[in-house]
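Subject: Handing over the structure

Dear colleague,

I am passing on the structure below, and after it you will find notes on what was found. Please keep it open while you read.

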Amino acid sequence: MSFTFKNFPAAHDDLRVDVLSGLAASPKSIPPKYFYDEQGCRLFESICAQPEYALSRTEQALMAARLPDIAAAIGPVDCIVEPGAGDCIKVRRLLDALHPANLVVLDIASAPLAAAAEALSRDYPALAVTALGMDFVHDIEAAAPCLPPGRRLIYYPGSSIGNFPPDAATALLARFRHLAGTEGQLLIGFDLKKDPQRLHAAYNDAAGVTAAFNLNLLERLNHELDADFDPARFRHYAFYNPTAGRIEMHLVSLAEQDVNVAGQRFHFSLGETLHTEHSFKFRSDEFSAIAKSAGWPLKAEWEQDGFAVQLYG
Ligand code: AVJ
(Lines give C-alpha, C1' and ligand atoms only; values in the text may rest on other atoms or scores of the structure.)
Protein backbone atom coordinates (compact mmCIF):
# COMPACT_ATOMS: atom_id res chain seq x y z
CA MET A 1 0.00 0.00 0.00
CA SER A 2 1.34 3.42 -0.85
CA PHE A 3 -0.20 6.71 0.12
CA THR A 4 1.21 10.22 -0.35
CA PHE A 5 -0.41 13.48 0.67
CA LYS A 6 0.73 16.93 -0.39
CA ASN A 7 -0.94 20.16 0.56
CA PHE A 8 -0.70 23.26 -1.63
CA PRO A 9 -2.08 26.03 0.57
CA ALA A 10 -3.45 28.95 -1.40
CA ALA A 11 -0.87 31.68 -1.91
CA HIS A 12 -3.32 34.25 -0.55
CA ASP A 13 -6.39 34.13 1.68
CA ASP A 14 -8.79 33.04 -1.07
CA LEU A 15 -12.06 32.86 0.88
CA ARG A 16 -11.65 36.33 2.38
CA VAL A 17 -10.40 37.95 -0.82
CA ASP A 18 -13.05 36.32 -3.04
CA VAL A 19 -15.94 37.03 -0.66
CA LEU A 20 -14.99 40.65 -0.08
CA SER A 21 -14.62 41.33 -3.79
CA GLY A 22 -17.83 39.42 -4.57
CA LEU A 23 -19.81 41.44 -2.03
CA ALA A 24 -18.36 44.70 -3.31
CA ALA A 25 -19.45 43.89 -6.88
CA SER A 26 -22.81 44.59 -8.43
CA PRO A 27 -24.67 42.26 -8.58
CA LYS A 28 -23.18 40.64 -5.48
CA SER A 29 -21.87 37.09 -5.88
CA ILE A 30 -19.81 34.39 -4.16
CA PRO A 31 -18.16 31.47 -6.07
CA PRO A 32 -19.94 28.11 -5.53
CA LYS A 33 -16.73 26.33 -4.53
CA TYR A 34 -17.16 27.93 -1.09
CA PHE A 35 -20.33 25.92 -0.37
CA TYR A 36 -18.24 22.96 0.66
CA ASP A 37 -17.22 23.39 4.28
CA GLU A 38 -17.87 20.31 6.46
CA GLN A 39 -21.57 21.09 6.86
CA GLY A 40 -21.83 22.02 3.17
CA CYS A 41 -20.36 18.63 2.16
CA ARG A 42 -22.92 16.89 4.41
CA LEU A 43 -25.79 18.92 2.96
CA PHE A 44 -24.63 18.19 -0.59
CA GLU A 45 -24.68 14.45 0.18
CA SER A 46 -28.20 14.90 1.49
CA ILE A 47 -29.20 16.76 -1.71
CA CYS A 48 -28.03 13.72 -3.68
CA ALA A 49 -30.44 11.58 -1.66
CA GLN A 50 -33.47 13.79 -2.41
CA PRO A 51 -36.00 12.30 -4.85
CA GLU A 52 -36.01 15.47 -7.00
CA TYR A 53 -32.21 15.55 -7.44
CA ALA A 54 -31.57 12.60 -9.75
CA LEU A 55 -28.25 13.84 -11.15
CA SER A 56 -25.80 11.83 -9.02
CA ARG A 57 -27.99 8.74 -8.83
CA THR A 58 -28.47 8.70 -12.60
CA GLU A 59 -24.76 9.11 -13.24
CA GLN A 60 -23.92 6.21 -10.91
CA ALA A 61 -26.61 4.05 -12.50
CA LEU A 62 -25.20 4.85 -15.94
CA MET A 63 -21.65 4.07 -14.83
CA ALA A 64 -22.75 0.77 -13.30
CA ALA A 65 -24.82 -0.32 -16.28
CA ARG A 66 -22.31 0.64 -18.98
CA LEU A 67 -19.03 -0.03 -17.17
CA PRO A 68 -17.77 -2.88 -19.39
CA ASP A 69 -18.41 -0.79 -22.48
CA ILE A 70 -16.83 2.32 -20.92
CA ALA A 71 -13.76 0.40 -19.74
CA ALA A 72 -13.32 -1.17 -23.18
CA ALA A 73 -13.51 2.26 -24.85
CA ILE A 74 -10.89 3.66 -22.46
CA GLY A 75 -8.47 0.74 -22.82
CA PRO A 76 -5.39 0.32 -20.61
CA VAL A 77 -4.40 3.27 -18.37
CA ASP A 78 -1.50 3.75 -15.97
CA CYS A 79 -2.93 6.56 -13.92
CA ILE A 80 -6.37 7.95 -13.07
CA VAL A 81 -6.50 11.63 -12.04
CA GLU A 82 -9.65 12.93 -10.38
CA PRO A 83 -10.00 16.68 -9.74
CA GLY A 84 -12.54 17.47 -7.01
CA ALA A 85 -12.54 13.87 -5.80
CA GLY A 86 -14.09 14.64 -2.38
CA ASP A 87 -14.94 11.36 -0.66
CA CYS A 88 -13.16 9.30 -3.38
CA ILE A 89 -16.18 6.96 -3.70
CA LYS A 90 -17.02 7.37 -7.38
CA VAL A 91 -13.57 6.51 -8.69
CA ARG A 92 -13.63 3.06 -7.05
CA ARG A 93 -15.81 1.69 -9.82
CA LEU A 94 -13.23 2.76 -12.41
CA LEU A 95 -10.34 1.37 -10.37
CA ASP A 96 -12.08 -2.00 -10.27
CA ALA A 97 -12.59 -1.99 -14.03
CA LEU A 98 -9.28 -0.47 -15.21
CA HIS A 99 -6.72 -1.57 -12.56
CA PRO A 100 -4.33 1.37 -13.04
CA ALA A 101 -1.08 1.40 -11.03
CA ASN A 102 -1.62 4.98 -9.87
CA LEU A 103 -4.42 7.22 -8.63
CA VAL A 104 -4.04 10.96 -8.08
CA VAL A 105 -6.94 12.76 -6.36
CA LEU A 106 -7.23 16.53 -5.98
CA ASP A 107 -9.58 18.62 -3.85
CA ILE A 108 -9.78 22.08 -2.32
CA ALA A 109 -11.02 20.47 0.95
CA SER A 110 -7.65 18.93 1.80
CA ALA A 111 -8.30 17.30 5.20
CA PRO A 112 -11.36 15.25 4.18
CA LEU A 113 -9.60 14.37 0.90
CA ALA A 114 -6.53 13.05 2.72
CA ALA A 115 -8.69 10.90 5.02
CA ALA A 116 -10.76 9.50 2.14
CA ALA A 117 -7.70 8.80 -0.03
CA GLU A 118 -5.88 7.04 2.80
CA ALA A 119 -8.94 4.85 3.46
CA LEU A 120 -9.09 4.05 -0.25
CA SER A 121 -5.41 3.11 -0.35
CA ARG A 122 -6.02 0.55 2.42
CA ASP A 123 -8.66 -1.11 0.23
CA TYR A 124 -6.39 -1.13 -2.86
CA PRO A 125 -3.02 -2.43 -1.63
CA ALA A 126 -1.50 -2.58 -5.12
CA LEU A 127 -2.42 1.01 -5.96
CA ALA A 128 -0.12 4.02 -5.45
CA VAL A 129 -2.43 6.78 -4.17
CA THR A 130 -1.47 10.46 -4.19
CA ALA A 131 -3.76 13.06 -2.63
CA LEU A 132 -3.15 16.72 -3.50
CA GLY A 133 -4.90 19.32 -1.37
CA MET A 134 -5.27 22.22 -3.78
CA ASP A 135 -7.68 24.53 -5.54
CA PHE A 136 -7.14 22.88 -8.92
CA VAL A 137 -8.87 25.72 -10.74
CA HIS A 138 -5.92 27.95 -9.78
CA ASP A 139 -3.08 25.55 -9.13
CA ILE A 140 -3.49 22.56 -11.44
CA GLU A 141 -0.06 23.15 -13.03
CA ALA A 142 1.46 22.39 -9.61
CA ALA A 143 -0.05 18.89 -9.91
CA ALA A 144 1.91 18.03 -13.07
CA PRO A 145 5.19 17.03 -11.34
CA CYS A 146 3.18 14.70 -9.05
CA LEU A 147 1.80 12.65 -11.96
CA PRO A 148 3.60 9.47 -13.00
CA PRO A 149 4.43 9.11 -16.70
CA GLY A 150 2.28 6.92 -18.94
CA ARG A 151 -1.33 6.79 -20.09
CA ARG A 152 -3.43 9.14 -17.98
CA LEU A 153 -7.18 9.27 -17.63
CA ILE A 154 -8.68 12.42 -16.15
CA TYR A 155 -12.01 11.61 -14.50
CA TYR A 156 -14.34 14.58 -13.90
CA PRO A 157 -17.76 13.24 -12.93
CA GLY A 158 -20.82 14.74 -11.24
CA SER A 159 -21.48 17.65 -13.63
CA SER A 160 -18.98 19.72 -11.66
CA ILE A 161 -18.08 21.27 -15.01
CA GLY A 162 -21.58 22.85 -14.98
CA ASN A 163 -20.41 25.32 -12.34
CA PHE A 164 -18.20 26.98 -14.95
CA PRO A 165 -19.57 29.37 -17.59
CA PRO A 166 -18.69 28.15 -21.13
CA ASP A 167 -15.50 30.25 -21.45
CA ALA A 168 -14.18 29.12 -18.08
CA ALA A 169 -15.21 25.52 -18.84
CA THR A 170 -13.20 25.67 -22.07
CA ALA A 171 -10.20 27.07 -20.20
CA LEU A 172 -10.39 24.36 -17.52
CA LEU A 173 -10.73 21.57 -20.10
CA ALA A 174 -7.71 22.99 -21.95
CA ARG A 175 -5.69 22.79 -18.73
CA PHE A 176 -6.88 19.20 -18.27
CA ARG A 177 -5.71 18.55 -21.84
CA HIS A 178 -2.25 19.81 -20.97
CA LEU A 179 -2.16 17.84 -17.72
CA ALA A 180 -3.29 14.61 -19.40
CA GLY A 181 -0.32 14.57 -21.81
CA THR A 182 -0.24 13.25 -25.37
CA GLU A 183 -1.77 9.84 -24.63
CA GLY A 184 -4.23 11.32 -22.16
CA GLN A 185 -7.98 10.82 -22.07
CA LEU A 186 -10.85 12.55 -20.30
CA LEU A 187 -13.99 10.86 -18.94
CA ILE A 188 -16.50 13.53 -17.98
CA GLY A 189 -20.10 13.47 -16.73
CA PHE A 190 -22.56 16.32 -17.14
CA ASP A 191 -26.25 17.07 -16.76
CA LEU A 192 -28.21 17.44 -20.00
CA LYS A 193 -30.77 20.08 -20.94
CA LYS A 194 -34.22 18.66 -20.20
CA ASP A 195 -37.75 19.62 -19.14
CA PRO A 196 -37.26 22.86 -17.18
CA GLN A 197 -39.83 21.69 -14.59
CA ARG A 198 -37.59 18.75 -13.74
CA LEU A 199 -34.55 21.01 -13.52
CA HIS A 200 -36.44 23.49 -11.37
CA ALA A 201 -37.62 20.77 -8.98
CA ALA A 202 -34.07 19.40 -8.58
CA TYR A 203 -32.93 22.72 -7.09
CA ASN A 204 -36.13 23.32 -5.11
CA ASP A 205 -36.57 20.02 -3.28
CA ALA A 206 -39.61 19.71 -1.05
CA ALA A 207 -37.56 18.89 2.05
CA GLY A 208 -35.69 22.20 1.72
CA VAL A 209 -32.22 20.64 1.68
CA THR A 210 -31.01 22.73 -1.28
CA ALA A 211 -32.26 25.85 0.51
CA ALA A 212 -30.31 24.82 3.63
CA PHE A 213 -27.22 24.16 1.46
CA ASN A 214 -27.46 27.61 -0.09
CA LEU A 215 -28.07 29.37 3.25
CA ASN A 216 -25.22 27.42 4.88
CA LEU A 217 -22.86 29.62 2.90
CA LEU A 218 -23.92 32.54 5.13
CA GLU A 219 -23.29 30.43 8.27
CA ARG A 220 -19.85 29.59 6.92
CA LEU A 221 -19.05 33.28 6.45
CA ASN A 222 -20.31 33.96 9.98
CA HIS A 223 -17.90 31.34 11.37
CA GLU A 224 -14.90 31.83 9.16
CA LEU A 225 -14.97 35.53 8.29
CA ASP A 226 -16.47 36.88 11.49
CA ALA A 227 -19.62 37.93 9.59
CA ASP A 228 -23.05 38.66 11.06
CA PHE A 229 -25.49 37.43 8.39
CA ASP A 230 -28.97 36.58 9.68
CA PRO A 231 -29.93 33.63 7.43
CA ALA A 232 -33.61 34.18 8.32
CA ARG A 233 -33.44 37.46 6.40
CA PHE A 234 -32.40 35.79 3.13
CA ARG A 235 -34.44 33.48 0.87
CA HIS A 236 -33.09 30.61 -1.23
CA TYR A 237 -34.15 31.31 -4.82
CA ALA A 238 -33.25 28.92 -7.66
CA PHE A 239 -34.64 28.78 -11.18
CA TYR A 240 -33.80 27.52 -14.64
CA ASN A 241 -32.82 30.26 -17.08
CA PRO A 242 -33.50 28.69 -20.50
CA THR A 243 -31.87 31.55 -22.43
CA ALA A 244 -28.57 31.00 -20.68
CA GLY A 245 -29.08 27.23 -20.28
CA ARG A 246 -28.38 27.20 -16.57
CA ILE A 247 -29.83 26.90 -13.10
CA GLU A 248 -29.16 30.10 -11.17
CA MET A 249 -29.05 30.03 -7.40
CA HIS A 250 -29.44 33.18 -5.39
CA LEU A 251 -29.92 34.34 -1.82
CA VAL A 252 -32.42 37.19 -1.94
CA SER A 253 -32.45 39.77 0.84
CA LEU A 254 -35.86 39.89 2.55
CA ALA A 255 -35.13 43.30 4.09
CA GLU A 256 -33.04 46.38 3.75
CA GLN A 257 -30.05 45.49 5.91
CA ASP A 258 -26.36 45.98 6.61
CA VAL A 259 -24.02 43.04 7.10
CA ASN A 260 -20.47 43.04 8.46
CA VAL A 261 -17.97 40.67 6.90
CA ALA A 262 -14.28 40.52 7.88
CA GLY A 263 -14.43 44.06 9.23
CA GLN A 264 -16.22 45.56 6.22
CA ARG A 265 -19.84 46.65 6.03
CA PHE A 266 -22.11 45.79 3.08
CA HIS A 267 -25.58 47.09 2.35
CA PHE A 268 -28.39 44.90 0.98
CA SER A 269 -31.52 46.59 -0.26
CA LEU A 270 -34.87 44.82 -0.08
CA GLY A 271 -34.98 42.19 -2.84
CA GLU A 272 -31.31 42.50 -3.68
CA THR A 273 -29.70 39.22 -4.68
CA LEU A 274 -26.47 37.55 -3.68
CA HIS A 275 -25.74 35.17 -6.56
CA THR A 276 -24.23 31.90 -5.30
CA GLU A 277 -24.18 29.39 -8.17
CA HIS A 278 -24.56 28.75 -11.86
CA SER A 279 -25.20 25.16 -12.85
CA PHE A 280 -24.99 24.97 -16.63
CA LYS A 281 -26.87 22.27 -18.54
CA PHE A 282 -25.75 21.17 -22.02
CA ARG A 283 -26.88 19.21 -25.05
CA SER A 284 -24.32 16.53 -25.81
CA ASP A 285 -23.34 18.22 -29.11
CA GLU A 286 -22.98 21.57 -27.32
CA PHE A 287 -20.65 20.03 -24.81
CA SER A 288 -18.53 18.18 -27.36
CA ALA A 289 -18.07 21.50 -29.22
CA ILE A 290 -16.76 23.11 -26.02
CA ALA A 291 -14.42 20.17 -25.41
CA LYS A 292 -13.25 20.22 -29.02
CA SER A 293 -12.30 23.88 -28.73
CA ALA A 294 -10.24 22.89 -25.68
CA GLY A 295 -8.34 20.29 -27.75
CA TRP A 296 -10.36 17.18 -26.91
CA PRO A 297 -11.84 15.13 -29.80
CA LEU A 298 -14.88 13.03 -28.79
CA LYS A 299 -14.26 9.25 -28.68
CA ALA A 300 -17.49 7.83 -27.25
CA GLU A 301 -20.58 8.84 -25.32
CA TRP A 302 -23.28 7.31 -23.15
CA GLU A 303 -26.62 8.79 -22.06
CA GLN A 304 -29.23 7.85 -19.51
CA ASP A 305 -32.31 9.71 -18.21
CA GLY A 306 -31.02 13.20 -18.98
CA PHE A 307 -27.40 12.65 -17.98
CA ALA A 308 -24.37 12.15 -20.24
CA VAL A 309 -20.90 10.67 -19.87
CA GLN A 310 -18.43 11.40 -22.66
CA LEU A 311 -14.96 10.04 -23.37
CA TYR A 312 -12.32 12.22 -25.04
CA GLY A 313 -8.79 11.60 -26.21
C1 AVJ B 1 -22.00 19.63 -7.59
C2 AVJ B 1 -22.10 21.41 -9.13
C3 AVJ B 1 -22.97 19.29 -9.73
O4 AVJ B 1 -24.81 22.03 -9.83
O5 AVJ B 1 -26.13 20.36 -9.42
C6 AVJ B 1 -26.65 20.84 -6.16
C7 AVJ B 1 -24.23 21.44 -6.91
N8 AVJ B 1 -26.11 22.91 -6.16
N9 AVJ B 1 -27.70 21.56 -5.76
C10 AVJ B 1 -25.11 21.04 -9.20
C11 AVJ B 1 -25.63 21.72 -6.43
C12 AVJ B 1 -27.39 22.81 -5.75
C13 AVJ B 1 -24.19 20.54 -8.09
N14 AVJ B 1 -22.82 20.25 -8.63
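In which sense do strand β9 and strand β12 pair, and over how many bridges? Strand β9 (residues 246-253) and strand β12 (residues 273-280) are antiparallel partners, joined over 7 bridges, where two strands are said to pair if DSSP finds at least two bridges between them. Helices (H or I, at least four residues) and strands (E, at least two) are DSSP runs, numbered from the N terminus.

Before going further, please note that this is a predicted model, in which local features need pLDDT of at least 70 and side-chain atom pairs count only at pLDDT 80 or more, while totals for chains, interfaces and linings use all residues. Residues are numbered from 1 along each chain as its sequence is written, and side-chain values use heavy atoms, with hydrogens and water left out.

The sheet

Strands β9 and β12 belong to an open sheet of 4 strands with mixed pairing, in the order β2-β12-β9-β8. Because β2 (28-29) and β8 (234-241) stand at the edges with a single partner strand each, one side of each has no neighbour in the sheet.

The ligand

The ligand is surrounded by 14 residues (a residue counts if one of its heavy atoms lies within 4 Å), and the closest are Y53, G158, Y203, E277 and S279. By class, this shell has 8 nonpolar, 5 polar and 1 charged residues, where Ala, Val, Leu, Ile, Met, Phe, Trp, Tyr, Cys and Pro count as nonpolar, Asp, Glu, Lys and Arg as charged, and the others, Gly among them, as polar. At least two residues of the shell come from each of α2 (38-48), α9 (209-224) and β12.

A polar side-chain atom of Y53 lies 2.5 Å from an oxygen atom of the ligand, and an N or O atom in the side chain of Y203 is 2.4 Å from a ligand oxygen atom. For E277, a polar side-chain atom lies 2.6 Å from a nitrogen atom of the ligand. On its own the ligand has 350 Å² of accessible area (Shrake-Rupley method, 1.4 Å probe), and the protein covers 97% of this.

With regards

Technical notes. Polar contact = N/O pair within 3.5 Å; in protein donor to acceptor, adjacent residues only side chain to side chain.
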